[in-house]
Amino acid sequence: MPVLESDAGPVWRKRTKGQALARWFGWLLGVAIFLWCWQRISDKTTWFFVWDAPDIAADVLSRATPPRWEYIDRLWWPIWDTINIATLGTIAALIMAVPVAFLAARNTTPSAIFIRPIALLIIVATRSINSLIWALLLIAIIGPGVFAGIVAIAIRSIGFCAKLLYEAIEEIDATQVEAITATGASRWQVMAYGIVPQIAPAFAGIAVFRWDINIRESTVLGLVGAGGIGLQLQGSLNTLAWPQVSLILLVILLAVVISEWVSAKVRGAII
Amino acid sequence: MSVATHRELDDMLGTKWRKPAMVKRTWLRWALVIGFVAYLIAAVLSVEVNWLRVWEGLDRGAAFVAAFASPDFVSRGSDIWAGMLESIVMTVASSVVGILISIPIALGAARNIAPLPVYMVCRGIIAVSRALQEIIVAILLVAIFGFGPLAGFLTLSFATIGFLSKLLAEDIESMDRSQAEAVRATGSKWAQWIDYGVTPQVLPRLVGLSIYRVDINFRESAILGLVGAGGIGATLNTAFDRYEYDTAAAILLIIIAIVMALEYISGVVRARVQ
């Protein structure tokens with residue numbers, strides 16, 4: 001325990017002088033990096049626009065209210081598309097995520113040296129790229145539309161679902177698996193009766209959780225042309241139809257709140 | 001099963017064991033299954049797929065996958081560098097500001113620390129921040145503040161508040177009361193109580209969450225450029241629009257590499273603080 005000798009006797013200190021100095025320099029470095037970053041952002045900002053921002057915000061708000069309620073008639077079909085993108089995308093993702101998760105989990109992978117790293121790479125690569133970027137890419141490849149949105153959501157979700165699922169698989173109780181194995185069950189029977197029942201609740205939870213996230217993401221996929229309500233949002237923004245924009249934002253907000261509520265209810269019922 | 005009598009067990013002899021169903025009530029099970037299948041059919045039928053277009057696009061898909069084998073970091077090198085730097089700058093600045101703002105809001109949103117009015121206000125802020133997605137906030141902020149990284153910086157800071165405050169507040173609410181009470185019993189002031197009674201209990205989680213949020217902020221900063229809020233997204237969008245797959249592949253590889261590095265660092269740091 002570091003103690004500082006002073007005229008009035010020893011004084012207790014939390015850190016030694018070296019540690020205190022190292023901490024101080026760490027903080028200095030951190031603050032310097034932050035200020036440098038802020039400087040770069042500030043250089044690229046037209047400050048006149050920023051000082052003008054409250055007026056602009058008030059202007060946009062006054063143009064956006066009241067929302068154009070009758071526009072809702074043209075939104076039903078995009079809303080249906082949006083829900084389909086999220087749901088079908090989630091289902092497709094789960095179908096692909098299950099084998100990846102079994103290959104990535106330490107206790108079920110056929111080969112920890114060759115196959116597991118590949119599965120982990122798939123998980124990281126699909127997870128680290130946003131669904132909007134996947135959508136951009138897929139639109140360039142298979143053309144704009146709902147289908148590109150479904151595939152984008154599916155690919156983005158593989159990594160997320162597989163990661164959570166393989167963690168659940170690694171945490172299963174080995175004794176149950178051993179009991180099934182001891183009855184002389186085949187590899188697939190062990191899977192079906194020893195492993196699957198243990199991870200089924202986790203699987204259902206992950207599915208609903210990801211579906212909730214996917215509803216959020218599918219509402220904005222249309223911004224890049226991948227179908228759903230985002231297309232209407234993009235169109236309204238481009239024509240500066242602010243009353244329509246505010247209505248669409250309200251619909252999106254409502255969809256997000258409802259999906260979160262549904263997901264919380266279902267997860268509460270499962271767990 | 002466990003309360004089966006001898007007679008029931010006798011009846012079961014010779015019959016095949018069946019897996020218990022997930023949903024106990026038969027009519028509910030069938031209603032769920034039929035409803036789901038009906039929805040699936042309706043959904044699949046309503047999706048229009050131009051298979052000819054998909055078939056033609058497969059060549060381009062193959063070209064893109066091939067581009068990952070030979071990514072082009074050089075020919076748009078300066079654009080990629082500038083975009084990446086801007087993304088990183090936005091990530092750092094917004095994480096710092098977002099975390100600094102979210103700590104007091106998290107204190108306010110913890111029911112065992114804050115009085116009810118403060119609690120309601122802070123929970124309201126969290127709810128608004130969580131309900132609005134980054135990209136929509138970015139669109140609005142670009143409209144208000146103009147193009148550039150400032151809009152992206154504000155968007156990410158705003159999103160950080162909702163994420164971090166919520167999780168941190170939950171951690172504060174589930175902390176050990178006795179430790180905080182012991183500090184309070186020494187006659188400490190409110191600030192001292194927070195500093196010595198609460199902070200030590202939630203600091204490991206705060207560090208872990210902060211690093212995780214830096215990771216998320218970086219990933220999000222990669223798409224903000226699509227709506228003009230600065231970062232690598234604009235470069236990436238241009239690369240896709242021009243079908244320059246080798247440049248796009250290079251950018252994606254850099255993003256994946258940085259995210260992997262951040263995930264590794266966060267794993268090391270979390271192992272050390274816990």
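Student: Before we start, how are things numbered, and what counts in a predicted model?
Tutor: Residues are numbered from 1 along each chain as its sequence is written, and chains are lettered from A in the order in which they are written. Because this is a predicted model, local features need pLDDT of at least 70 and side-chain atom pairs count only at pLDDT 80 or more, while totals for chains, interfaces and linings use all residues.

Student: Okay, chain B. What is its secondary structure?
Tutor: Chain B has 11 helices and 0 strands. Helices (H or I, at least four residues) and strands (E, at least two) are DSSP runs, numbered from the N terminus.

Student: Is chain B spread out or compact?
Tutor: Its radius of gyration is 27 Å, well over the 19 Å that the globule rule gives for 274 residues, so chain B is more spread out than a compact globule. The radius is taken over C-alpha atoms, and the rule is 2.2 Å times the number of residues to the power 0.38. Along the principal axes, the C-alpha atoms of chain B fill a box of roughly 80 × 75 × 35 Å.

Student: How much of chain B is buried?
Tutor: Buried residues are 38% of its 274 residues. A residue is buried if 20 or more other C-beta atoms lie within 10 Å of its own, exposed if 12 or fewer, and partly exposed in between, with C-beta atoms placed from the backbone.

Student: How many residues of chain B are in contact with chain A?
Tutor: 43 residues of chain B are in contact with 45 residues of chain A. Contact means that the C-beta atoms, placed from the backbone, lie within 7 Å.

Student: Which elements of chain B are on that side?
Tutor: Those giving two or more residues include α4 (77-108), α6 (134-145) and α9 (190-224) of chain B. The residues on that side of chain B divide into 31 nonpolar, 8 polar and 4 charged. Ala, Val, Leu, Ile, Met, Phe, Trp, Tyr, Cys and Pro count as nonpolar, Asp, Glu, Lys and Arg as charged, and the others, Gly among them, as polar.

Student: You mentioned α4 of chain B. Where is its kink?
Tutor: The kink in α4(B) lies at B:Ser102, shortly before the proline B:Pro104, and is about 25 degrees. A bend is the angle between axes fitted to the seven residues ending at a residue and the seven starting there.

Student: Switching to chain A. Where does α2 bend?
Tutor: α2(A) bends by about 55 degrees at A:Ala53, and the proline A:Pro54 follows within four residues.

Student: What does A:Val60 touch?
Tutor: A:Val60 is in helix α2 of chain A. Not counting residues up to four places away in sequence, A:Val60 touches A:Trp242, B:Ala143 and B:Ile144. A:Val60 is partly exposed, with 17 other C-beta atoms within 10 Å.

Student: And α6 of chain A, how many of its residues are buried?
Tutor: 20 of the 25 residues of α6(A) are buried, so this helix is largely enclosed by the rest of the structure. α6(A) also bends by about 35 degrees at A:Ser157.

Student: Which domain does UniProt annotate in chain A?
Tutor: The unreviewed UniProt entry gives "domain: ABC transmembrane type-1" for residues 79-263 of chain A. UniProt positions are given in the numbering used here, feature names are shortened, and annotations may be inferred rather than shown by experiment. In the model, residues 79-263 of chain A are 83% helix and 0% strand, with the end C-alpha atoms 18 Å apart.

Definitions and conventions
Two residues are in contact if their C-beta atoms, placed from the backbone, lie within 7 Å.
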